[in-house]
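Hi,

Here is the structure I promised to send over. Have a look at it first, and then read my notes below.

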There are 2 protein chains.
Amino acid sequence: MARAATTSDVFNALAEPRRREILMFLADAEKPVGEIVVALADGQPSVSKHLGVLRKVGLVRVRRVGRHRMYRANAVGIRPLYDFAKTFEKYWTHQLLRVKERAEEKEQRT
Amino acid sequence: MARAATTSDVFNALAEPRRREILMFLADAEKPVGEIVVALADGQPSVSKHLGVLRKVGLVRVRRVGRHRMYRANAVGIRPLYDFAKTFEKYWTHQLLRVKERAEEKEQRT
DNA sequence: GACATATATTCCTATATAGGAATATATTTT
DNA sequence: AAAATATATTCCTATATAGGAATATATGTC
C-alpha cells in the first residue's frame, strides 16, 4: 500500500514543510492567498492546494471578503501534535540533565 | 514530484501512526524487536522497517544484546515537532479563553 | 456586459512509499 | 556444524501524492 493520505490527519498534513510555513505565516493574522504566495515565494496553484489540505484537516479556516479569501490558522488543530510531543518532554529533560551532570563531573575532575 | 521521503525528517517519519505507537512504546524502557511485534500485534518485517526509519531520523537508538536488538526512544529527536507545536500554544489558549468568555456572557444573560 | 483580478480545480507525471512474501544475516544452543 | 532463534533486507505492487501547466470559477470594475 501507499502512504496514508495527507488529508487523513494533522500529522500527515504537517509532514510537508511548505504547509508548516504557511501555517506559521497565518498564526498571527488572517491573510489572503495572494499574500501567502508573495511571502513564501511559491506558485499560486501550489499555495491553493496546500491551503486545501490544511483546510480539510481543520488546521485553517477561510472567510470570503470580496474576491479575496482570508485564511487564518486554527491553532487548536495542532493540539494532537502538541500532546504527542509533550509526552516526551520529561524524557529529554532528564536526558539533558544527565548530559549536564556528566559535564559538571568532568569539570570537577579538572 | 512525489512526497518527501519519510527518512528525510522527523515530521515525515512520525506521519505514520504505527511509528508513533512504536515510539510511545519505547518511551519508558528499551525493548527488543520481538516485544514490539507482540505489543503492537504487527508483523516482524513491518516493525523492523519502521524501526529502520525511526533510526535513520534519529528517533531511536539501538544496542545489541546477544541475538536481540534493544531499541529505545531518543526523546530529544522529537523536539523539532514539539517546538513547532509549542509556537501555537498561546493561540489556542486565547481561543479557548474566548470560548469560555462567550459561555460566561451567555450565562450572564440568562 | 466586457475585462481584470483572485483563487480553485483539473490533468498529467515521476516518485516514494507501505505492506506482504520470501529470503538473508547474525547469534546462540545443542 | 547443524538447528533454532531474532532480526534485517530484498523484491514486488498498488497508491497517494506534489509539482507544473492549463483552465475554470467567482467577484469586482469600467
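Before anything else, a word on burial: I call a residue buried if 20 or more other C-beta atoms lie within 10 Å of its own, exposed if 12 or fewer, and partly exposed in between, with C-beta atoms placed from the backbone. Keep in mind that this is a predicted model, so local features need pLDDT of at least 70 and side-chain atom pairs count only at pLDDT 80 or more, while totals for chains, interfaces and linings use all residues. Residues are numbered from 1 along each chain as its sequence is written, chains are lettered from A, and ligands are numbered from 1, in the order in which they are written.

Now the burial itself. In helix α5 of chain A (residues 79-86), the buried residues are Leu81(A), Tyr82(A) and Ala85(A). Looking down the axis of α5(A), they fall within an arc of 100 degrees, so they line one face of the helix. (The arc is that of the directions from the helix axis to the C-beta atoms; helices, H or I with at least four residues, and strands, E with at least two, are DSSP runs numbered from the N terminus.)

How do the two protein chains relate?

The contact between them takes 23 residues from chain A and 24 residues from chain B, where contact means C-beta atoms, placed from the backbone, within 7 Å. On the chain B side, α1 (10-13), α2 (17-25), α5 (79-86) and α6 (89-109) each give two or more residues. The largest share, six residues, comes from α5(B). By class, that side of chain B has 16 nonpolar, three polar and five charged residues. For the classes, Ala, Val, Leu, Ile, Met, Phe, Trp, Tyr, Cys and Pro count as nonpolar, Asp, Glu, Lys and Arg as charged, and the others, Gly among them, as polar. The copies meet through the same surface, because 96% of the interface residues of chain B are also interface residues in chain A.

β1(B) and β3(B) run antiparallel and are joined by two bridges; strands pair if DSSP finds at least two bridges between them. The whole open sheet of chain B has three strands in the order β1-β3-β2, with antiparallel pairing. In chain A, β2 (residues 60-65) and β3 (residues 68-73) pair antiparallel over six bridges, and Val65(A) stands opposite His68(A). Two residues separate the strands of that hairpin, and Gly66(A) there has a positive phi near 60 degrees.

Ala41(A) has a positive phi near 50 degrees without being a glycine, and Ala41(B) has one of about 55 degrees. Ala41(A) sits in the loop between α3 and α4 of chain A and is exposed, with 6 other C-beta atoms within 10 Å.

Cheers

Note on methods
Contact = placed C-beta atoms within 7 Å.
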